[in-house]
Amino acid sequence: MSDTPFGFGLPPEEPDDGDEGKKKDPQGGGGQGPANPFGFGTPGAGGFGGSGADNPFAAMFGSMNPGDLGAAFQQLGQMLSYEGGPVNWDMAKQIARQTVAQGTAQGSKDASVGPAERRAVEDAVRLADLWLDDATSLPSGANSALAWSRAEWVEATLPAWRELVDPVAERVGNAMGDVLPEEMQAMAGPLIGMMRSMGGAMFGTQIGQAVGVLAGEVVGSSDIGLPLGPAGKAALLPLNIETFGKDLGVPQEEVRLYLALREAAHQRLFAHVPWLRSHLFGAVDGYARGIKVDTGKLEDVVGQFDPQNPEQLQEALQQGMFQPEDTPEQKAALARLETALALVEGWVDAVVHAAAKPRLSSADALRETLRRRRASGGPAEQTFATLIGLELRPRRLRDASRLWASLTDARGVDGRDALWAHPDMLPTATDLDDPDGFVHREQIDFSELDKMLGEAADRPDLRKKDAGEDADAADEDGKGDEGKGDGTE
């Protein structure tokens, strides 16, 4: 996380003008005279962070040069003037791009993608799609293949993160206003608004930092099992693929091709299972609605809020204020979400292995590496777990992969993939405990029922027959009513 509260500071790509700043304000000191009416001085001279500083912004801006104040106050103004939704996504985007520009903890810096890298990604995705034709009945779902830089990944995936994070952030924003006593809320309208603006900014900062860090780890648009990128676009990050395969002892071409297989398999699944995206995002939203905010901790933070220590609220977010409700409904929501993620990742794992095993000597090693990578997660995923109370990891990936492989052996590729026709046909968490029982159990074939209903709707003779029978029935009813009315029949 950034050492500067709320992400204050210049973007790293802008030059540091500290030397110039040292030449300004030669008087130094606390600056109580006309030359420094607001009490701001130079660092180390009793000014921003000096021992003699008594202005309320000393702790906030103590480590800054005077030349940095413009950028700092600009971000402060953005934070307090924000009037949008529960997350300040403009700030999230800004922080994410700054985090990407800083590079990863290993020192890897982002770079634009060159023509040769783009051609390599396009060729890998094209070949991957050909190999997948033998491993799944779902047709290609990628209209184009893209090679992204980390910054391009941030831009392309922020809309999906917004859909994931907003439900929880909204609960926090409401809670920040509700912690004040009712008799104070009527008089504290501006304060509540400011607190919610700060909450939106803090969430924006934290999400931006997490997305920026994650951009240095992901290799494609579907690493976490959710469709984060635009539909129909298979995307890989050449720089991160190079970093990922650096110490594996596997040729770079094989690493790229294996990861292209995974990306293309995800694209097929999300493109040809139309209900799947809303099912996954709905599971996340359903789980989020069962999370309660620790209002006791929030009340303590708000009640002890110190203008000289504004990072208190940010630290509260980092420590976590979310507690899943221990109810049957919340447990069921979590089980649905974890099972859905496991089924998606397990299907991709099984299909990609079937396509790669006969063709790539490194298929087994790459498969195990990616399984462990998904099981352990990275620092960014841990950040999201803290912020939204949710780990986006398929805990039962291996169980799901074994089940899909068993289904392939028992029912063939077509029979296995037919289960994606309807959500009620998919295995449940209980089925992951007993895969053999599910594999050999008779399944309801919703596709045949839909086919029968469709054929009936398309046959005009049946529609005319039904209409004629309805008309005859209406005539008989009319005659009966008429006879009853005049008593002559």
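**Notebook: helix α14 and its partners**

I began with helix α10 (residues 252–272), which packs with α14 at an angle of about 130 degrees, the axes being 9 Å apart. I took axes as lines fitted to C-alpha atoms, for helices over the stretch in contact, with angles from 0 to 180 degrees between N-to-C directions. Helices here are DSSP runs of H or I with at least four residues, and strands are runs of E with at least two, numbered from the N terminus. This is a predicted model, in which local features need pLDDT of at least 70 and side-chain atom pairs count only at pLDDT 80 or more, while totals for chains, interfaces and linings use all residues. Residues are numbered from 1 along each chain as its sequence is written, and side-chain values use heavy atoms, with hydrogens and water left out.

**α10 with α14**

The angle makes α10 oblique to α14; angles under 35 degrees count as roughly parallel, over 145 as roughly antiparallel, 65 to 115 as roughly perpendicular, and the rest as oblique. I then listed the contact (heavy atoms within 4.5 Å). From α10 come Tyr258, Leu261, Arg262, Ala265, His266, Leu269 and Phe270, and from α14 come Val344, Glu345, Trp347, Val348, Asp349, Val352, Ala355 and Ala356. These residues divide into 11 nonpolar, one polar and three charged. Ala, Val, Leu, Ile, Met, Phe, Trp, Tyr, Cys and Pro count as nonpolar, Asp, Glu, Lys and Arg as charged, and the others, Gly among them, as polar.

**α14 with α15**

Next I looked up helix α14 (residues 328–356) against helix α15 (residues 363–376): their axes come within 10 Å and cross at roughly 165 degrees. The two are therefore roughly antiparallel to each other. In α14, Glu345, Asp349, Ala350, His353 and Ala356 meet Ala363, Asp364, Arg367, Arg371 and Arg374 of α15. I read this contact as three nonpolar, one polar and six charged residues.

**Core**

Which residues touch the most other members of the largest nonpolar core? Of its 92 residues, they are Trp153, Trp161, Leu276, Trp347, Trp404 and Trp420. Such a core is a set of buried Ala, Val, Leu, Ile, Met, Phe, Trp, Tyr and Cys residues joined through side-chain atoms within 4.5 Å. Buried means under 20% relative accessible area, exposed over 50%, and partly exposed in between (1.4 Å probe, protein chains only).

**Whole chain**

I recorded 21 helices and four strands. Buried residues make up 46% of the 489 residues in the chain.
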